[in-house]
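Open your viewer and get ready to pick out residues one stop at a time.

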Amino acid sequence: MSCILSIDTSTNVCSVAVSQDGACIYYDEDNSGPNHAEKLGVFVDQAMSFADSHAIPLDAVAVSSGPGSYTGLRIGVSMAKGICFGIDVKLLSVPTLELLCVPVLLCHEEIEDDALLCPMLDARRMEVYAAVYDRSLHAVRETGADVVTPDTYREYLDRHPVYFFGNGAAKCMDVINHPNAHLIEGITPQAKWMFPLAERRMLSGQTEDVAYFVPYYLKDFVSKKPKSLL
């Protein structure tokens, strides 16, 4: 197993964790508002000091890659890339919507085997960023920007129970209004839940190019390296 520093700044919550051997061994967060520029450096310094004091060398940095707050993602990804350059460790990216599913799967045993998970991040009005996953976290529908109407998720709701969660979910429930639609409240993306996803990427060699990695909102603009570097 690896020692991974995890960073999430995709919403108003700023959080940092350290995991080792598949368990979270250090965690800190601030949920008082979008003050990542002030808090993140302190949290990272404390987390790395914790690892150093226990003689645990870091193998990688994992960062929430979005979607989410434009400014928050920029701060988190910049910090993660700076650490990777500075101490020469690997960079791992974890989609924010996939990260939201982890506490649901680990803490809600009542979810049916055939249920689908629909994490949502608020994009104002009746718009959300959302994806649809099965319980194995296979994407049934990839991340997209949705204007929520009664029919937006009907093809899934007519066949499966669907659990909606994240900071964009509550406002949608009256509109969705389907007997198979269930709301789980209080789910936010947090670095302490990142380790199962980061470990899986580490073991499979799914690392990022530190120089060229960008968060979700820029992925369509930086889709590949310059041809001279291929």
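Select D122 first: its bridge partner in β7 is V128. Now widen the selection to β6 (residues 116–122) and β7 (residues 127–133), which run antiparallel and are joined by 4 bridges. Helices (H or I, at least four residues) and strands (E, at least two) are DSSP runs, numbered from the N terminus, and two strands pair if DSSP finds at least two bridges between them.

A word on what you have loaded: it is a predicted model, in which local features need pLDDT of at least 70, side-chain atom pairs count only at pLDDT 80 or more, and totals for chains, interfaces and linings use all residues. Residues are numbered from 1 along each chain as its sequence is written, and side-chain values use heavy atoms, with hydrogens and water left out.

Next, show the whole open sheet: 5 strands in the order β8-β7-β6-β9-β10, with mixed pairing. At its edges stand β8 (139–147) and β10 (181–183); each has a single partner strand, so one side of each is left without a neighbour in the sheet. On average, neighbouring strands here are turned by 20° against each other, direction ignored. For such angles, axes are lines fitted to C-alpha atoms, for helices over the stretch in contact, and angles run from 0 to 180 degrees between N-to-C directions.

Now move to helix α6 (residues 195–203). Which of its residues are buried? Colour F195, L197, A198, E199, R201 and M202; buried means under 20% relative accessible area, exposed over 50%, partly exposed in between (1.4 Å probe, protein chains only). These residues pack against β1 (3–8), β2 (14–20), β3 (23–30), β4 (60–64), β5 (90–94) and α3, where contact means heavy atoms within 4.5 Å. Just after α6, stop at G205, whose phi is positive at about 75°.

Last, the aromatic pairs, which number 4. Rings of Phe, Tyr and Trp (its six-membered ring) pair if their centres lie within 6.5 Å; planes under 30 degrees apart count as stacked, over 60 as edge-to-face and the rest as tilted. One of them is Y26 with F50, tilted, at 5.1 Å centre to centre and 35° between the planes. Y26 sits in β3 and F50 in helix α1 (residues 36–53), 24 residues apart. Y26 counts as buried, at 16% relative accessibility.

Finish with Y129 and Y216, an edge-to-face pair at 5.8 Å and 80°. Y129 belongs to β7 and Y216 to the segment after α6, so the pair ties together parts 87 residues apart in sequence. At 28% relative accessibility, Y129 is partly exposed.
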